[in-house]
Amino acid sequence: MIHPTAIIHPSAQLAEGVEVGAYTVIGADVSIGRGSRVASHVVIDGPTRIGAENQIYPFASIGAAPQDKKFNGEPTELIIGDRNVIRECCTFNRGTAQDKGKTVVGDDNWIMAYVHIAHDCIIGNNTIFANNATLAGHVDIRDWVILGGFTLVHQFCVIGEHAFTGMGSAVSKDVPPYAMVSGAPAEPHSINLEGLKRRGFSKEAIQRIKEAHRILYRQHLSTADALAKIEAEFGEHQDIALLLDFCRNSQRGLIR
């Protein structure tokens, strides 16, 4: 059902079964996939592509121009996948021509109230962003990451798969997969043990990851020496290979 007070641009494309609430405004170059529900008082600007079965709650601003002084009206875009929950007052901005030209949100993400996703961010799948989590531009959040409430992430940071940030964390370096970090500035404390258990990691895999974390953060080795030791002991396992690849490709440097 589309409420009669909703304002929808003639060029917007709404698939079968899309619901639009009262006083919502949907601009030009917006497409919304089947079965998605857009509540009242939402603003969606384009170019924006939204997939199927998403739920967007009141007062969200989706696809607005990036908060970047270099932006000069270029035709950048926002791409949102399927089955995401986007709660009240979230703000997702389009990309910039100076980077990827797009902001991307994957599938099955649970994004709570007042979350800000800035220009050129790439969000994976199955993440959870608690209330007021805020991403600066060019941030990369990998699959299964959980951001605690009021987490702040500096521009160009990467947070690896299955990582967890505590409430009020200020992240200014890359966070390796599986790590649990907290504080301002954020520091590593342990692995995301409960999260790995819930996702079906075996006891053996969890023990490997725990030992790799200990080598990286508790043996007072240089990063290069720690990674060499981890590879020598566990490098044949895919879960550790993921960690090694992330650490060796870090551009901002690892959180310490």
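## Ground rules

Because the model is predicted, local features need pLDDT of at least 70 and side-chain atom pairs count only at pLDDT 80 or more, while totals for chains, interfaces and linings use all residues. Residues are numbered from 1 along each chain as its sequence is written, and side-chain values use heavy atoms, with hydrogens and water left out.

## The sheet

Let's start with the strands. Strands (E, at least two residues) and helices (H or I, at least four) are DSSP runs numbered from the N terminus, and two strands pair if DSSP finds at least two bridges between them.

E3 runs parallel to strand E6 (residues 37-38), and 2 bridges join them. Here Glu19 stands opposite Arg37 in E6.

## Helix H4 and its partners

Helix H4 (residues 238-248) and helix H2 (residues 203-218) have axes that come within 9 Å and cross at roughly 30°. Axes are lines fitted to C-alpha atoms, for helices over the stretch in contact, with angles from 0 to 180 degrees between N-to-C directions. H2 and H4 are therefore roughly parallel to each other (angles under 35 degrees count as roughly parallel, over 145 as roughly antiparallel, 65 to 115 as roughly perpendicular and the rest as oblique). In contact (heavy atoms within 4.5 Å), Ala205, Arg208, Ile209, Ala212 and Leu216 of H2 meet Asp239, Ile240, Leu243 and Cys247 of H4. By class, this contact of H2 with H4 has 7 nonpolar, no polar and 2 charged residues.

Helix H3 (residues 223-234) also packs with H4, at an angle of about 160° and with the axes 10 Å apart. That makes H3 roughly antiparallel to H4. On the H3 side, Leu227, Ala228, Ile230, Glu231 and Phe234 meet Ile240, Leu244, Cys247 and Arg248 of H4.

## One aromatic pair

How many aromatic pairs does a search of the whole structure find? There is 1: Tyr178 and Phe201, edge-to-face, with 6.1 Å centre to centre and 80° between the planes. Rings of Phe, Tyr and Trp (its six-membered ring) pair if their centres lie within 6.5 Å; planes under 30 degrees apart count as stacked, over 60 as edge-to-face and the rest as tilted.

The pair links distant parts of the chain, 23 residues apart. Tyr178 lies in the loop between strand E25 (170-171) and strand E26 (179-182), and Phe201 in the loop between helix H1 (193-198) and H2.

How values were computed:
Nonpolar A, V, L, I, M, F, W, Y, C, P; charged D, E, K, R; others polar.
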